[in-house]
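Here are my notes on this one, point by point. Have the structure open while you read.

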Amino acid sequence: MNAARPPATPGDVVLEVRDLSVDYGMDRAAVHALDGVDLTLHRGELLGIAGESGSGKSTLAVAATRLLRAPGRIISGSVTYHPRDSPPFDVLSLGDGALRRWRWEQVSIVFQAAMNSLNPVTRIVAQLTDVLEVHRPEMSKADRLQRAHELVALVGIPDRLLFAFPHQLSGGMRQRIMIAMALALGPEIVIMDEPTTALDVVVQREILTRMSALRAELGFSVVFITHDLSLLLELSDTIAVMYAGKVVEQAPADDIYRAPLHPYTEGLLGSFPSLVGPRVELVGLAGSPPDLRRVPPGCAYHERCPLAQEVCQREIPPLESADRRSVACHFRSPRREVVA
Amino acid sequence: MPGNPVEAQLAHHQGQLTYQATKALEVAFGIHLHESVWAAYGQYWGNVIHGNFGLSFTYFPTPVSTVIARSLPWTLCLVGLSVIIAWVLGTLIGIVAGWRRGGWWDSLIPAGALFQGIPTFWIGLIAVSVFGITLHWLPVSGGYSTNTVPSWTGAFISSALEHGILPALTIIFGSVAANLIGMRNMMVSTMTEDFVLVGEAKGLPRKRVMFRYAARNAILPSVVGFALNLGFVVSGALLVEQVYSYPGIGYVLFQAVGSEDYPLMQAIFLIITLTVLAANIAADIVFVLVDPRTRQGAMA
Amino acid sequence: MTDLLPDIIGDEIDTDPVRRANWLRSPKTIVGLSILGVFALLAIFGPLIAPDDPTASSSAILAHPSASHLLGTTSEGQDVLSELLVGARDSMLVGIVAALIGESLAIVVGITSGYLGGAIDEVFSTVTNIFLVIPVLPLEIVLSSYLTNSGWVPITLIISLTAWPWGARTLRAQTLSIRKRDYVAAAIIAGDRTWRIVLYEILPNEIAIIVTGFLFQILFAIIVQTGLAFLGIGNVETWSWGSMLYFAQNSDAFFSGAWWWYVPPGLCVALVGMGLALTNIGIDEIINPKLRASLAMTRRERRRAAAPVRVRTVSAREILG
């Protein structure tokens, strides 16, 4: 594993998601995208969220920032944000003005493949400075322009491209602009949803290295969402694994790699080969994720799980936490006791 | 093509033209030469370039260019203004209707559908009967009242405006729905784009995201459509002008067809075609100006 | 981000083969098609159920609507309702036939032009552009002035001649974009004959555009035909809604306040137009997934979603101190 990752220094909690549930649609046709998700993010931490398509990881990101679009609805739960110098509050109950203030200043978000994340008819500089106009009205035009220069320098984009239009830049450059944009107001948390999935590996490496450097310098937390668990193992301090709308395991990256607890995590780890070491037979995961309109009773994973027993079909295993590790399985405990 | 203008004039004067007069007419209409069609055609273009469209049969002996110059401004003003107002109104309402999907705003769609299906000239007929005849609020015939003369006086201008209200409202009513629905659908579709979500995520005020992110992109086809529509300004109002006896170029064209006034018809067709072509070119230019993606050259 | 929905909901949105039947489930389409159905029936059976012969004049001049004349009479004592019903056939017939011809032309020109490209595309596009530029109504007026009362066919042909360019242009653009897709390239490499590719790969994906284009052309044709008849052009011997308006205006029905004469014909055109426009909008909402996403929330859902999750709202001051 390479050492692009700064040493893990879990500070205090900065974001707590508790029992978050999101449905798309209503009643019988409802898709239960998130089902009682619990998640904790610490200051300065890089939390990776891994899962297959449809596991709900992207929904988690938009729901927590209240960017959920119709027909999605948050049915229950709380998203508690802990500012540095004031009491914590629930993001889901913010009024309009407060929400707008909170957005981008405290939490910003970088979407997948900035193909379409930049306004095609506005110049880059305008898209970097409009947040400054709105959130920092005391800044003068010259100041804003100055800051725009600083931001593009941060991500290694040449100055002259400030006055270009998005379609004139390559995919990698656009993604870097998105990152620069996300950092414009110096947020506490940057959420990144599959930021490098659509880019080739070389560009991916560049962007991730740069991002790590920025993190070391500016100290923000990152929520990194991707289906690529191997990437997270390199990058993250902590990893949360999602399946069928629930978090099934959360632990420091090293622990996930060395001693995964949840059978799904084990399956994921077994799905990609290691570059070193003896050749092993790839196990992979049989079956496919459940239809979220008709989630099977009990543990959502039981149909594919090698450990499945009768109790798994009846009862949903709660997410148990101990000692920085959580796992939701009837037969595994974060305290590593042998259960049944 | 049917119709001999000299015979038409003969009929007009009830056969009481002398032989010389008939011959003179033939010369004036250029029939005496009995040239080949192509030669005549070539000569026509030669004349056109000099601004000479020939003499009108209907309004004989007024030159065609005078007839057109007299009626074209009426059409341009009436239809031009109406199309602009209809576009602005439809686009603005469409933007808001698209942004605020749901509830009352969505019912604009079936209403718009109804309006799209109503023939514009029929709206005119109804307006004439309701506002003009039953209620006597507004004049319904002509471009100006008969007791004024075209000139730049206050009396004339106010009379012209008064006579223009109903025709203008008719055209606006007929065209606003299409603009509205088109813009609204573009807005709804644009709002699902990622960059609009990013705009919201940035904590920008709603209005800013609505206008500078969503509308600014959604409006592109509308703008091009508007430029193209302007091209049809001249011909589009024909029926409305007929309903209101409005002295525009559509009205004149219709009279021309009725009296087989070929020089006039040809000239009007030429003007209309040129206008449409000009509008198409303008639309292309506008498109390039408004959408930066069409400009050449990548900087990276 | 925009992929969020299909990922979660699965095949429902894009690949469901039953999707096309969903056209019929949109309330707008249902209403639209019902209206059209009513008028189609009127067009077919109109003359049979008309109470009187529309050409038969009577002594009841400009009579108000009454039991014997449900929609009143004209200035020659003719029954307006009968005129309306008989006229339905002419108006609808011209509209539908002109649209059929026009749309067929559009399909042939548009798809051929888009698929084959090259010189054929150049030629067809130029022709299309020429027809696009020609002002519709003036051209039709001029062409119609050559016609004497020769029935509805010439008018139909003339209208279809001016209606097809828009459809052709749209289909060409769509064909160009479909042609670049992978499955077409695969078919070409596999050696499929051109006509097979067009029929089985390209055409099915353009059905929606073709249908909406067809409906728009009907609308266009009916409005133009009504306009032409109103101007007194075309066949004033046969009854149509437009010719009713022509006679109404020429008999100064407006000054007599005989609203029952000129309101119903225009209203019929408006209703048919509304039916067509509604159906089109309904189809558009079903096929365009971006418009559809907003449909997924009914009013009930919206009200529920708007209700805040928490009762207490946190103000900005509380956060920022």
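1. Start in chain A: helix α5 (residues 171-182) packs on helix α6 (residues 201-218) of chain A at about 15°, with the axes 10 Å apart. Axes here are lines fitted to C-alpha atoms, for helices over the stretch in contact, and angles run from 0 to 180 degrees between N-to-C directions. Since angles under 35 degrees count as roughly parallel, that makes α5(A) roughly parallel to α6(A).

2. A word on the source: this is a predicted model, where local features need pLDDT of at least 70 and side-chain atom pairs count only at pLDDT 80 or more, while totals for chains, interfaces and linings use all residues. Residues are numbered from 1 along each chain as its sequence is written, and chains are lettered from A in the order in which they are written.

3. Who makes the helix contact (C-beta atoms, placed from the backbone, within 7 Å)? From α5(A) come A:G172, A:Q175, A:R176 and A:I179, and from α6(A) come A:V203, A:I207 and A:M211.

4. Then the interface: 39 residues of chain C are in contact with 38 residues of chain B. On the chain C side, the elements giving two or more residues include α5 (136-144), α9 (207-230) and α12 (259-287). The most comes from α12(C), with 12 residues.

How values were computed:
Two residues are in contact if their C-beta atoms, placed from the backbone, lie within 7 Å. Helices (H or I, at least four residues) and strands (E, at least two) are DSSP runs, numbered from the N terminus. Angles under 35 degrees count as roughly parallel, over 145 as roughly antiparallel, 65 to 115 as roughly perpendicular and the rest as oblique.
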